[in-house]
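Okay, thanks for coming, everyone. Let me put the model up on the screen, and then we'll walk through it piece by piece.

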Amino acid sequence: MNLVLPEDVLAEILVRLPVKSLIRFRCVSKTWRDLINSTYFADMHLGHGKNNRRHRRVVLVNRIIKDEKKAWLSFHSDIADFAAAAAPALKLPSPHHNTSIKLFGSCNGIVCIAELARARSDSNKDKINLCNFTTREFLTLPPSPFGWPDEFEDGCANTTSLGFGFDPSTQDYKLVKFVGYFFEEITTEPLIGVHIYQLKTNSWRNLGFTPTEISYRWPFQNFCTSILVNGSLIMHWCASRRCEDWCRGILSFNMCTEALQTIEFPCDYEPIDTRYNLAVLNDSLALILSTIKTSPQFPADITSIEEICEHSTEIWVMMDYGIKESWVKKYSIEPFSLLGSASLTWPIPWFSWNDNILLLQSLKGYLFSCSLKDNCCQEICKYDIRGFGMLEAIVYDETLVSFGGIGDGLYWRKIDGDSSWNHND
């Protein structure tokens, strides 16, 4: 006797399964395929997963293999066992001259990855992609149509940073792009333009320049950190402005209201000696300050340094969002002696779904992690993952979200099954 379950009962069963199983189960029957492919089920699965993230989260590591001169993305489903890949490694297209491929965050299983110019150039030649690596879909965004402002003389422009997230007020995905307009005179403050891409309409809007009252107008070219505040997704970047000395803080952008604001750092610092990263710790904004001070006698090649005068990492958490006085120094981490004197590390901003896990990169390019407990660093692990230059790592949720269900007329493509990125120009 054939037992046919009602669709709502079937959906309640299947929604608890990981995406990889659901993709395989689409071949069970036409009913199962139509249900799993539906936008209704993708939204249902996404909502269920937000309360059960532990088994649906994947760490995505972006690295360059020096000997092979190739960029790779590797996927890992368990921080305790990075050898167990969640998906085959994906070879990225070789970056063009003076470009770099970077990760700029994720939202609902969609990752923003872009090839941006390192030097000052035409920012509209950037290649920005949105990808759901679980369903193997990717979308190349049209270039922003906004060029050099007519009211200024010729100069050059490049993208200083990107941010990608979801606007719950319009149920739409947005990408914010900061473009720096640089002038021939090096002492002239660059203008920072703000462009917004909306996925539903597949179009760009120009918000103009960052207001002069914004303290920190120039976001760094690294991935952003997003947190949900009172129902609005707010993106954050470490940022700076040029004055007598470089001044740095945090630039925020509200995806719903599209308002820009700035947040002061919690303490004084010396910009030349400090690296800054942002992260989320227990749903609160966290700032990672890693300081290194070396003797002038040390060689220029930092990888040959055998002793470090001072090296420490502090993690500050903003307990009451937007209130500078609410910054609390939660962790103060001394040099990682267990890693060896030649293994100075830089933090990669990431915390796990269960423990407070900080990812780090040694000067020799290896990936480490440490568990932050009781104001100290414990359980240091080294992984057999090594890259040339700076590693990048983000966490994303495996979902069934499809570009075909978001906006009409989007030209999305499938990543080839041979683990290569077929990026057509």
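Let me start with a question: which residues are buried in helix α4, residues 39-49? They are F41, A42, M44, H45, L46 and G49. By buried I mean under 20% relative accessible area, with exposed being over 50% and partly exposed in between, using a 1.4 Å probe and protein chains only. Helices are DSSP runs of H or I with at least four residues, strands are runs of E with at least two, and both are numbered from the N terminus.

Before I go on, the housekeeping. This is a predicted model, so local features need pLDDT of at least 70 and side-chain atom pairs count only at pLDDT 80 or more, while totals for chains, interfaces and linings use all residues. Residues are numbered from 1 along each chain as its sequence is written, and side-chain values use heavy atoms, with hydrogens and water left out.

Back to α4. Its buried residues pack against α1 (7-14), α2 (19-25) and α3 (30-37), where contact means heavy atoms within 4.5 Å. Over on α1 we find I13, which is partly exposed at a relative accessible area of 45%. Together with L5 and V9, I13 forms a nonpolar patch on the surface, with about 230 Å² of accessible area in total. For patches, residues need over 30% relative accessible area and no salt bridge; nonpolar side chains (Val, Leu, Ile, Met, Phe, Trp, Tyr) are joined within 5 Å, and like charges within 9 Å. The areas are Shrake-Rupley, 1.4 Å probe, and for residues only the protein chains shown count as cover.

Now the overall picture. The protein chain has four helices and 26 strands. Of its 425 residues, 51% are buried. Among contacts with a separation of 6 or more, 53% are between residues 24 or more positions apart. The accessible surface comes to about 20600 Å², and carbon and sulfur atoms own 50% of that.

Moving to the strands: β1 (residues 57-65) and β2 pair in the antiparallel sense over seven bridges; pairing takes at least two DSSP bridges between the strands.

What about the cores? A nonpolar core here is a set of buried Ala, Val, Leu, Ile, Met, Phe, Trp, Tyr and Cys residues joined through side-chain atoms within 4.5 Å. The largest one has 23 residues, and L130, Y173, L175 and L199 have the most contacts inside it. At least two residues each come from β4 (99-107), β5 (110-117), β6 (127-132), β8 (156-167) and β9 (172-182). β5 gives the largest share, four residues. If you zoom in on Y173, setting aside residues up to four places away in sequence, you'll see it touching C107, I110, F164, Y197, L199, V401 and I406, among others.

There's also a second, separate core of 19 residues, which includes F182, V194, M235 and M255. V194 is also one of the residues in contact with L260, and so are F178, I214, L251 and F253. L260 sits in strand β16, residues 260-263, and at 16% relative accessibility L260 counts as buried. From L260 to M235 is 25 residues in sequence and 9.6 Å in space, C-alpha to C-alpha.

Last topic: charges. How many salt bridges does a search of the whole structure find? It finds 10, a salt bridge being a side-chain nitrogen of Lys or Arg within 4 Å of a carboxyl oxygen of Asp or Glu. Take K177 and D126, whose closest N and O atoms are 3.9 Å apart. K177 lies in β9 and D126 in the loop between β5 and β6, so the pair ties together parts 51 residues apart in sequence. Both K177 and D126 are buried.

Then there's K174 with D167, 3.0 Å from N to O. K174 is buried at 4% relative accessibility, and D167 is buried at 0%. R205 meets E258 at 2.4 Å, N to O. That pair links R205 in β11 (residues 203-209) to E258 in the loop between β15 (247-254) and β16, 53 residues apart. R205 is partly exposed at 28%, whereas E258 is buried at 18%. And D167, K174, R205 and E258 are linked in a network of salt bridges.
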